[in-house]
Amino acid sequence: MLVFIFLACLIKTNPASAQFPSDSANENESKVIAYTLPDPLMMPNGKRVKDSTEWMKAQRAYIYQLFEKNVYGRYPRQKINVRYKIREESNKALGGIALRRQVRIYLKQSDTSAHIDVLMYLPANSKGKVPVFVGLNFKGNQAIQNDPEIVANTDDKTSRGSSASRWPVKTIIENGFGLVTACYSDIEIDNKDGWKSGVRTKLQDDLKIKPEEWGAIGAWAWSLSRVMDYLVNDKNVDEKKVAVMGHSRLGKTALWAGASDPRFSIVISNESGEGGAALARRWFGETVYLINKNFPYWFVNAYKSYNHNVFDLPVDQHELLALIAPRPLYVASAAGDLWSDPKGEFLSAWHAGEVYSLFGQEGVETNEMPALDHPVGHRINYHIRTGKHDVTLFDWEQYIRFAKEQWGL
């Protein structure tokens, strides 16, 4: 606790030093410019949060709204009438070890094109409801396994199973978990014009929100909540044990979904970088300016106003992680992924521990970067592994271990 009190004194004000050159990416640790972080426990009235009750009743909502206003945009709270259709099902998938279920979630009664196609693999012989990992994929459901029964979203036959290394389904099943996934382009195509044919346009009247009031990351995160709507009604799924996981831009998405929807009981960020777990104020790797230049549609327009004055941003990403407290959180980096600023991701997880401590939960136990391939932490776990920007079996082995520990399995 004394460590966190000391840290709180360090993060009250911004330095007087000049802004870092936001239009260039630094990958030299010795060139990182001094910065200070906003204090997640400092309330608008100038007083500091003293306990978990005060955090949950007042401060959490205040910080969440700052992220809505300045980073991701509004998260729709308007309820919509969704319906589900089982498109295919087999209890003999993957050589008989898995139950495969393919579900279409219709998001709009009058427009069948507004839908999410969900692929599920669950242990075939489970005696009760099973815990699951849920996450969006990049290339379509058919890409995660070389399974001819998966309904494809493309005519490209080479895509089938092309991302299987990122989704070790058999390992997940053999450890007693299920996997639930959907393709992010079902919700909104990942380009500057994606909003025109995605949910931000198709559902703007239903959700009572204009397309410019939220970004693509918000739309993808919102879709994960719609998948969760289905999972709470699936007889085979333990709705109290659903971990949301994402990689890269979909790691940013998983964090925002986890912060926005408390039904996700574990949140996992795999190399989410700038706009995800990494601290924005650290001049290392991608910057706010660079991410807004390359992907302006991911975030709300207000985020661009901090392109060249990131020290004026009223939040930083350790506060996004803190919004997940007291639920279990896992942040992962890769040594070969300097663009995502591994140290910035680690420090963000470390600083989030100050809020976790309000709940009597210990986060990452050290403020020193751990050795490669050596996970650290308690309620917050962190690892940096050997290798590049990717999702590997090592990553999944840690997430499975963590889920078993946190859920008492």
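A crossing of two helices is left-handed if the near helix is turned anticlockwise from the far one by less than a right angle, and right-handed if clockwise. The crossing of H6 and H7 is right-handed. The model is predicted, with local features requiring pLDDT of at least 70 and side-chain atom pairs counted only at pLDDT 80 or more, whereas totals for chains, interfaces and linings use all residues. Residues are numbered from 1 along each chain as its sequence is written, and side-chain values use heavy atoms, without hydrogens and water.

Helix H6 (residues 216-231) packs against helix H7 (residues 249-260) at an angle of about 60°, and their axes are 8 Å apart. In the contact (heavy atoms within 4.5 Å), Ile217, Gly218, Trp220, Ala221 and Leu224 of H6 meet residues of H7 including Leu250, Thr253 and Trp256. This contact of H6 with H7 comprises 8 nonpolar, 2 polar and 1 charged residues.

The structure contains 24 aromatic pairs (ring centres within 6.5 Å; planes under 30 degrees apart are stacked, over 60 edge-to-face and the rest tilted). Tyr64 and Trp256 form a stacked pair, at 4.8 Å centre to centre and 10° between the planes. Tyr64 lies in helix H2 (residues 52-72) and Trp256 in helix H7, 192 residues apart. Both Tyr64 and Trp256 are buried (under 20% relative accessible area, 1.4 Å probe, protein chains only). Tyr330 and Phe402 pair edge-to-face, at 5.3 Å and 85°. Tyr330 is in strand E8 (residues 329-334) and Phe402 in helix H11 (residues 393-407), so this pair ties together parts 72 residues apart in sequence.

Terms used. Axes fitted to C-alpha atoms, helices over the stretch in contact; angles between N-to-C directions. Helix = DSSP H or I, 4+ residues; strand = E, 2+ residues; numbered from the N terminus. Nonpolar A, V, L, I, M, F, W, Y, C, P; charged D, E, K, R; others polar. Phe/Tyr/Trp six-rings, centres within 6.5 Å; stacked < 30°, edge-to-face > 60°. Buried < 20%, exposed > 50% of the residue type's maximum accessible area, 1.4 Å probe, protein only.
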